[in-house]
Amino acid sequence: GPALSGVSLSLIPVVLCLSTVHLPANSLRGLDGTWMRSTVLDKAKIESNYTGRTGTAILVIGLYMSILGAKVLIPDFQRKRLGERPLPAGLNDTSGEGDGAAARDVWTPAIWRRSHLLWTSMCLQFVLLTVMEYSFSSSWEVHVFQLIVVFKLLQMVLELVLGAVLKETLIMAPLLVVGEIVQIMVCMGAADFTDFILSYYIALALIVAKRLFINPTIKRIKTLMPRWKMMLVRRFTRFRQLSDEEKQRQERRWEKANEAIEMQCEGVEPLLDSLGVYSIESTGILLAPLVFSFLMVMYEQTDVATKYGVEKNELRYYLVFVFFMIPWGLGFDVLLVNATELIHGWKIHDYLSYQHYRFANRTYRWMLNSLNVDESISESLQTMDLMCFSSQYYFLTSIFAIGMMLAMFAVQMFTRSQHNFLGDPATPVVVLSMCLVCEGTRRGMTYASIARIGHFEWPGLWATKQLEGTM
């Protein structure tokens, strides 16, 4: 399906880049980790520098992927649409001179939105790193089942907060995927493998309740909130003392709010919200084997599994479990989608069939290159609908989410090795070399994706259909 193919495609450049992280650190083993050269390079110090420099390389890959993901999620072509919005009050200057002309150079909403997305992702990483650190404690091990429930509830609150901050479901999706991955990973804080499995199934039960009942209820309350606010205002306002003009203005506002609520309740928005939650959780399940494989390969460097009390030979059982949960989880999602359709009456299968047809007959190779969005849908969901829940959507979401996870693991490596990458003389060499690797991989993957192989009749990745005919 689209989810499996999109996530699998995203792993190709990630694995290629990660396979080179040891090269700069290995070549610089003899270089001291500080500018002062006040310490003797014993074996422990060499290994600490090696771990820290490997973390620097991983951090560069993570930041590169995050920046690239933000640039693709909010591409340059959207400046045309976003640039049509008026300048903020006080920055207009019709003369084209002075502060107004300078403000127009600064007022680039696409760049501002990318910066806002990256800053929000960094704040979320800090929160999730705090949760990870707490999951290493004995308190987490004792109360793991209760804390998994609390963490799942906090994820629902996080979704509302990110929705208010980012204002767009598509750019919010990768951040929520990272929350799902961390939720699976912190289950390792259980006392043993059996408790880990029980914790996983408790989280799965909460997913069922969330998708069938909790999330639709929260969205319904959020939709009806403007009506309730206006009802309270009207209830405590002396309506008779208002002038005729003010009464008419309130009536128009009341009718407009009710029309907006009816459009959101009867339109495709609830269905899109439900599919968005499904796609986020599916992506998290599909990326879990990559995270556990990374922890196993980087067992000594990350020290995450060690903090959970999981030996390297035991970690393979956790990896096998999350790997075999993929087909079971995807089949379980099919049942949940059917149950959601029956309970709420949403035509999910019809909508997915339409989106599959729409993606197959698109005009542009990359869906986000289209400026034509469905304006009948809420603005926050228009780009999500534009991506058609295709393999491109899952590819893009996975790239950004993996970048965030790698940056978080790099911070863990800095903490465990007590390495200050800003004070390391080798940092410029590591950063430059990994930037070249990332850029070379990006260019190579881009060329491979658009290359046509005539012998196999392969038109390239995500090629559009060429319609030919006669009049």
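Trainee: In which kind of crossing, left-handed or right-handed, does α10 pass α11?

Mentor: α10 passes α11 in a left-handed crossing, a term used if the near helix is turned anticlockwise from the far one by less than a right angle, with right-handed used if it is turned clockwise. Please keep in mind that this is a predicted model, in which local features need pLDDT of at least 70 and side-chain atom pairs count only at pLDDT 80 or more, while totals for chains, interfaces and linings use all residues. Residues are numbered from 1 along each chain as its sequence is written, and side-chain values use heavy atoms, with hydrogens and water left out.

Trainee: What makes α10 roughly antiparallel to α11?

Mentor: α10 and helix α11 (residues 244-266) pack at an angle of about 165°, with their axes 10 Å apart. Angles over 145 degrees count as roughly antiparallel, under 35 as roughly parallel, 65 to 115 as roughly perpendicular and the rest as oblique, and therefore α10 is called roughly antiparallel to α11. The axes are lines fitted to C-alpha atoms, for helices over the stretch in contact, and the angles run from 0 to 180 degrees between N-to-C directions. The helices themselves are DSSP runs (H or I, at least four residues), as strands are (E, at least two), numbered from the N terminus.

Trainee: Which classes of residue make up the contact of α10 with α11?

Mentor: The contact of α10 with α11 has seven nonpolar, four polar and five charged residues, where Ala, Val, Leu, Ile, Met, Phe, Trp, Tyr, Cys and Pro count as nonpolar, Asp, Glu, Lys and Arg as charged, and the others, Gly among them, as polar. Among the residues involved are Arg 220, Thr 223 and Met 230 of α10, and Trp 254, Ile 261 and Gln 264 of α11.

Trainee: Why does Gln 264 count as partly exposed?

Mentor: Buried means under 20% relative accessible area, exposed over 50%, and partly exposed in between (1.4 Å probe, protein chains only); Gln 264 has 30% relative accessibility, so it counts as partly exposed. Gln 264 touches Thr 223, Glu 269, Pro 270 and Ser 378, not counting residues up to four places away in sequence, contact being heavy atoms within 4.5 Å.

Trainee: How do you know whether α10 is roughly parallel or antiparallel to α15?

Mentor: Helix α10 (residues 193-235) and helix α15 (residues 312-344) pack at an angle of about 20°, with their axes 11 Å apart. That angle makes α10 roughly parallel to α15. α10 passes α15 in a right-handed crossing, and the residues of this contact divide into 20 nonpolar, two polar and two charged.

Trainee: What makes the pair Asp 333 and Arg 211 a salt bridge?

Mentor: A salt bridge is a side-chain nitrogen of Lys or Arg within 4 Å of a carboxyl oxygen of Asp or Glu, and the side chains of Asp 333 and Arg 211 meet at 2.9 Å, N to O. Asp 333 lies in helix α15 and Arg 211 in helix α10, so the pair ties together parts that are 122 residues apart in sequence. Arg 211 also forms a salt bridge with Glu 281, the closest N and O atoms being 3.4 Å apart; this pair links α10 with helix α12 (residues 269-297) across 70 residues.

Trainee: Why are Arg 211 and Glu 281 called buried?

Mentor: Arg 211 has a relative accessible area of 6%, so it is buried, and Glu 281 counts as buried because its relative accessibility is 4%. Asp 333 is buried as well.

Trainee: Which residue forms a salt bridge with Glu 159, and at what N to O distance?

Mentor: Lys 219 does, at 3.7 Å. Lys 219 lies in helix α10 and Glu 159 in helix α8, so the pair ties together parts that are 60 residues apart in sequence. Helix α8 covers residues 144-166, and Glu 159, at 9% relative accessibility, counts as buried, as Lys 219 does.

Trainee: Which residues are linked in a network of salt bridges?

Mentor: Glu 159, Lys 210, Arg 211, Lys 219, Glu 281 and Asp 333 are linked in this way, and the structure as a whole holds 13 salt bridges.
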